[in-house]
Amino acid sequence: AIAILKDELSEWQSDHAFVTDEFFYDGQLAVKRARRNYFGVFEEERDPQTGRKKVFIPFTEWTVETVLKNIDIDTKDVEVKAKHPDSYKVAQIFRYVLRYYLNKIHFGKKLNDLLRNTVIDGTAFLKVWKEKGDIKLRVVDRLNMTVDPTAPNLDETPVIERNLLTLPEFQEYDWNNKEDVKGSKSLDRTGLDMQGGQNTQVPYVEVYERYGYFPKFVFTENEKDEEYVYGKVCYSSNGTSYIVHKTEETKGHPYQEFKFRDLVNRFDGRGVPEMLFQIQTYLNEIINIRLNTARVAQSGLWEVRGNITPQQLKRLFSTGAIKTSQEGDINRIDTGTVDPSSYKDEEQAYLWGQRVTQTQAEDEISPSQPATNALIQERGSSKGYNLIMEGIFLNLKKVLEEKLIPIIRDTIKDGEIIRITGSVDALRELDRELAKSVIYERKEKEFADFLSRTPIKSI
């Protein structure tokens, strides 16, 4: 089991997927760059020529927030529909039960986090599992997940999650070999490969969960069991070695991936910042060159001859004049003004970004634009947003049907009181249907008792 984990981490943590014969996609590098562009941070914050701090244009952040505003999904958007006509009443009741559990696990907040991660990173993960009789739900960071970078989805690849637990949390689990784990006070929680991580006062334990196929002898400890079965193995790591704490056979994994734009030949989706990588770089370059040119044009560029000292030049800008030994020792050079075409380049960069991401802010539609053109433009953006939401809803449906609802069915107890809220008319209809059901059930029971007491000949 340890050999399998080591080999997969060694092979897949680089996250390289060849999308053409000559070009490979680096998933880890793309996610880090996407986040850096969203936050507006340069790798080198100062211009190597002038030494001044460069200006980062928040075009990526603006586009991400525009997309999020148009694909917002709330808990109320999750509906339950009966698959068969006979199940209509049951579905009507279960709709309120499901909403109760979704509110209980703060599904709305987790959904907002999921959408933001999906738009920025291109890929996000939702984990749903049962622990100590309760439903647990968590958004997992992309940098803490390791999968086959060429797999089309999670169902076709082993899944490895890296997580950090405090030493007391780790000790609470009913696992083996816990006495061999001491934890560390300098572990990286983010998955950014920070050397040394962040120092903490409480020790943390680096835990890996791997879901996938294993040789059966991993679970039975019988070397003759060579067939492969699906299961889960939990490990801990001290940075150099691994310890196995739990092994069990399972029917599947508790994760669901969400992709902003699905692509072939690679697992990771394509997020908004990745679409804008080159455009964001081009835009930053245009603005900073124009800014440097404007500074030179405003402060002036001077030709200096003779014995002019730096102190004299400094006095020139404070007093407006300096004394020179002869005429022509210092002359101002005509640097011209900012080329107006640079503003056209900026507008073109914005246009390219809007087209590739299919985004359009309401305040950017020109008032002078013909109504027909404005309507076509608005509908084009809406279709793009609807396509994104369709993919998200399909994955949410899979999460609810395959992971969340089965746990609710196992968790809910007979006689348990669940508080449901809704419109007065809907709740009144539920009361009416419930009363009918109780009456019909009692009538059927009374009729069955009557038949059991009455001889067949007397009927």
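Trainee: How are H2 and H5 set to each other, roughly parallel or roughly perpendicular?

Mentor: In this predicted model, the axes of helix H2, residues 27-39, and helix H5, residues 107-121, cross at roughly 105°. Angles of 65 to 115 degrees count as roughly perpendicular, and therefore H2 and H5 are roughly perpendicular to each other.

Trainee: And within what distance do the axes of H2 and H5 come?

Mentor: The two axes come within 9 Å.

Trainee: Which residues in H2 and H5 meet there?

Mentor: From H2 the contact takes in Val31, Ala34, Arg35 and Tyr38, and these meet Arg116, Ile120 and Asp121 of H5.

Trainee: Switching to strands, what does S3 pair with?

Mentor: Strand S3, residues 123-131, pairs with strand S11, residues 255-259, in the antiparallel sense and over five bridges. S3 also pairs with strand S4, residues 134-140, again in the antiparallel sense, and there the count is seven bridges.

Trainee: Which residue in S11 stands opposite Ala124?

Mentor: Ala124 has Phe258 of S11 opposite it. For the pairing with S4, you could look at Lys130, whose bridge partner there is Ile135.

Trainee: How many residues lie between the strands in the hairpin of S3 and S4?

Mentor: The hairpin has two residues between its strands, and Lys132 in this hairpin takes a positive phi, near 55°.

Trainee: What about S6, is it mostly covered or mostly exposed?

Mentor: Strand S6, which spans residues 159-166, is mostly covered, since seven of its eight residues are buried.

Trainee: And how many bridges join S5 to S6?

Mentor: Two bridges join strand S5, residues 145-146, to S6, and the two strands run antiparallel. If you want a residue pair to find on the screen, Met145 stands opposite Glu161 in S6.

Trainee: Stepping back to the whole chain, how many helices and strands are there?

Mentor: The protein chain comes to 13 helices and 13 strands. It has 459 residues, and buried residues make up 37% of them.

Trainee: Last one: what share of the contacts with a separation of 6 or more is between residues 24 or more positions apart?

Mentor: Among contacts with a separation of 6 or more, residues 24 or more positions apart account for 65% in the protein chain.

Conventions. Residues numbered from 1 in each chain as written. Predicted model: local features only at pLDDT ≥ 70, side-chain atom pairs only at ≥ 80, totals over all residues. Heavy atoms only, no water. Helix = DSSP H or I, 4+ residues; strand = E, 2+ residues; numbered from the N terminus. Buried < 20%, exposed > 50% of the residue type's maximum accessible area, 1.4 Å probe, protein only. Contact = heavy atoms within 4.5 Å. Axes fitted to C-alpha atoms, helices over the stretch in contact; angles between N-to-C directions. Parallel < 35°, antiparallel > 145°, perpendicular 65-115°, else oblique. Pairing = 2+ DSSP bridges.
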